[in-house]
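Please keep the coordinates open in a viewer while reading.

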Amino acid sequence: MLLKKLTEANGVSGNEKEVRDLIIEEIKDYVDDIKVDRIGNIIAYKKGSIETPKIMIAAHMDEVGLIVTKIDKSGLISFKPVGGLDKRILVSKVVKIGKDRISGVIGAKPIHLQKSNERSKALDYNNLYIDIGAKSNEQAEKIVQVGDYIAFDSEYIEFGDNFVKAKALDDRVGCNILIDLLKSDTKASIYAAFTVMEEIGLVGAAPASYQIDPDIGIVLEGTTCADATDVESHLQSTNVGKGPAISLMDRTTIFDRKFRDMIVETAKENNIPYQFRRSSAGGNDSGRIHTAKEGAVTTTLSVPCRYIHSPINVMSKDDYENTGRLLKQVIKKIEEGGLK
Amino acid sequence: MDSKKFLKELCEGVGISGYEHTVVNSIINEFKPLTDEIQIDKLGNLIAVSRGNKDTNIKIMIAAHMDEIGLMVKDIDKNGFIKFTNVGGIDSRTLLAQEVLVHGKECLFGVIGAKPPHLSNPSERNDAIKMKDLSIDVGLKKEAVEKLVEVGDLISIKRSFTDLQGNWVSGKALDDRAGIVAMFECVKELSKLKHEADVYYVSTVQEEVGLRGAVTSTYKINPDIGIAIDVGFGATPELPKEDVIDIGKGPAITLGGNIHPTLRKHLVEIAKEYNIKFQTEIEAGPTGTDARAMQITRAGVPTLLLSLPLRYMHTSVETIDMDDIKACGQLLARFISSITSENLEGLLCY
């Protein structure tokens, strides 16, 4: 299954090679042109049969993770976060270091030796380290180097009522939906951008949109979902199981109202459930795309993901499938002259 | 079975305190062919007996606990999320973003989540998340969860056993399944040696909640010598040097009030004689292990404790060196083999 392969590939921001190679392999027979640009984005072009405004669809390949900063004399490894992480998710986890995927564990001081006030404080990066079972600095440095990227160890698992648990659903879901679109037939020509380094500041999207120079930008995302019971409903940015989330406004974009209305209408016409992303926190590649060159009209369609930026992202496959359906219908609407 | 494979099977198995019957068969399968007798007592302790080669009636009891810490269902909330409490000592900081198995009518996969960090203020993010603010998500609505899960059902952490560099391994419940495997190493080693004593290998229950299995099993066996095998705090940089033992340097032979001094001296001599690496762990008061319960059973039992150095105790990434487990088994076997009806009385004198 492609989503399993995509989420189990490691692509911490700045080191997307595994994911990039996998995507190129998947799409190369379905597109008319494909290139990897100077900063590592994949830009693919699939020629259609009719003229439409120029459509760019973007999904980012990278995921949040860690990077090796130091190896101490006993062989324990210090690290820093890559992208926005809640440090509290790190304790008592298994990680994979570097391209050889060296196994390591992030442990913690035994509870027996903690003072009670210690237990109420989150462990910070300077108290955390990775143990690979090396007995010395020399032994560790043979297999791990400063600067190696570190990814969570998390298997793709289906569970519950059509739910999925995996790492990096943000944004391999977007990658997968975009791959599926390229494999299908569209009348419109499509520029697909699989971008790098979104999680560390929307880095890849700027050069990608500069090169493509789109009229319409569609960003596919896995987005935060705060539907925990103890969160008041107005703070729940999205809900799992209620369909693709359409963005209204975030820290990087005020999304085009006409485009949004068109998407809502399309969802209604096709009986596809949808919801709005009811939070203005966060941002995504749209921020770069809508301000590239002379600008573009953009939207973001997201699959709601619980526990995002952790090893255990959770989504509903129904939402995922409905996001793909909605994307296809929106493209069709553009082909029919909507949004002119 | 190869010891590492056995340890993997034990650690990936589930046996939370009070519910050890779910892991006991794995232990029986390995001990049965190598011992003379298998018993299970009323509390669930598994006792495997190897008879000695002389009718001297010396009884040596070895104990390692088979239970592990875990969680228990307290409530199912209106959205189907499961609230829980701990069984045994758990640092709630180790639970966030963990995968679990909920052992209801069916075994359900789930994950432990909390309110997303962007909804808390930045200072809160420096606070540990409390257990009451954590929930288990099994991907089902309330009604569906209620059909499968009841209050009081157990929850275990789902963690694959992981090979690290060298002979180091990591996983959950190495405390004290590693001790069970040390007994297994001893059984294998002892089959090559002669021993006068009857050896009782006890996989005890409910150590993590108060050393309860050791109380009843020691009473039943009434041993001449009791030896507990448990894990000790493996050195890491944040721990005071005086509180820890080093991983990879062999089992620690504990010293202190819980330990019989003459027997301990003999154990150290055996380790030196057979060139088995060992280190010293000091515990002035009663140890937090089965040795403590054994020592004060009936009219008192001369007790020893061997500690396997283990890092990150009571997390799901406990880390140990297989070589330490093997060395512990060898030392035990040599010690047992050295005990005879001639020397026993002298070794028990003060």
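**From the whole chain to a single residue**

Of the 350 residues that make up chain B, 56% count as buried. The model is a predicted one, and every value quoted here is computed from it. Chain B contains nine helices and 17 strands. The C-alpha trace of chain B extends over about 70 × 40 × 40 Å along its principal axes. A compact globule of 350 residues would have a radius of gyration near 20 Å, and the 21 Å found for chain B agrees with this. Taking contacts in chain B between residues at least 6 apart in sequence, 77% join residues at least 24 apart.

The two chains meet in a contact to which chain B contributes 52 residues and chain A contributes 51 residues. On the side of chain B that touches chain A, at least two residues are supplied by each of β7 (107–113), β8 (135–137), β10 (162–163) and β11 (168–171) of chain B.

An open sheet of eight strands with mixed pairing runs in the order β1-β2-β12-β3-β13-β16-β14-β15 (chain A). Its edge strands, each pairing on one side only, are β1 (33–36) and β15 (275–277) of chain A. On average, and with direction ignored, neighbouring strands of this sheet are turned by 25° against each other. Within the sheet, strand β3 (residues 55–60) of chain A runs parallel to strand β12 (residues 190–195) of chain A, and six bridges join the two. Met56(A) stands opposite Tyr191(A) in this pairing.

Helix α2 (residues 17–27) of chain A touches β1, β2 (42–46) and β12 of chain A, and its direction makes about 10° with that of β2(A). Helix α4 (residues 169–183) of chain A touches β2, β3, β12, β13 and β16 of chain A, and the direction of α4(A) makes about 140° with that of β13(A).

Strand β16 (residues 297–305) of chain A deserves a separate look. Eight of the nine residues in β16(A) are buried, which leaves the strand mostly covered. Which strands pair with β16(A), and in what sense? Strand β13 (residues 216–224) of chain A pairs with β16(A) in the parallel sense over nine bridges, whereas strand β14 (residues 245–247) of chain A runs antiparallel to β16(A) and is joined to it by two bridges. Ser302(A) takes part in both pairings: Ser302(A) is the bridge partner of Glu221(A), and Ala245(A) stands opposite Ser302(A) as well.

A further open sheet of chain A has three strands in the order β10-β11-β17, with antiparallel pairing. Here β10 (157–159) and β17 of chain A are the edge strands, each pairing on one side only. The twist from one strand to the next averages 25°. Four bridges link strand β11 (residues 163–166) of chain A with β17(A) in the antiparallel sense, and Lys165(A) has Val314(A) as its bridge partner in β17(A). Helix α8(A) packs on this sheet, touching β11 and β17 of chain A, and the direction of α8(A) makes about 65° with that of β17(A).

Helix α8 (residues 317–335) of chain A comprises 19 residues and reaches 27 Å from its first C-alpha to its last, close to the 27 Å expected at 1.5 Å a residue. Among its buried residues are Asp319(A), Tyr320(A), Thr323(A), Leu327(A) and Ile331(A). An α-helix has 3.6 residues a turn, so residues three or four places apart point the same way. The cover over the buried residues of α8(A) includes β3, α4, β13, α6 (257–269), β16 and β17 (313–316) of chain A. After α8(A) comes Gly337(A), whose phi is positive, near 100°.

One residue brings several of these elements together. Val303(A) has its place in strand β16 of chain A.

Note on methods. Residues are numbered from 1 along each chain as its sequence is written. Chains are lettered from A and ligands numbered from 1 in the order in which they are written. This is a predicted model: local features need pLDDT of at least 70, side-chain atom pairs count only at pLDDT 80 or more; totals for chains, interfaces and linings use all residues. A residue is buried if 20 or more other C-beta atoms lie within 10 Å of its own, exposed if 12 or fewer, and partly exposed in between; C-beta atoms are placed from the backbone. Two strands pair if DSSP finds at least two bridges between them. Two residues are in contact if their C-beta atoms, placed from the backbone, lie within 7 Å. The radius of gyration is taken over C-alpha atoms; the globule rule is 2.2 Å times the number of residues to the power 0.38. Axes are lines fitted to C-alpha atoms, for helices over the stretch in contact, and angles run from 0 to 180 degrees between N-to-C directions. The expected span of a helix is 1.5 Å times one less than its number of residues.
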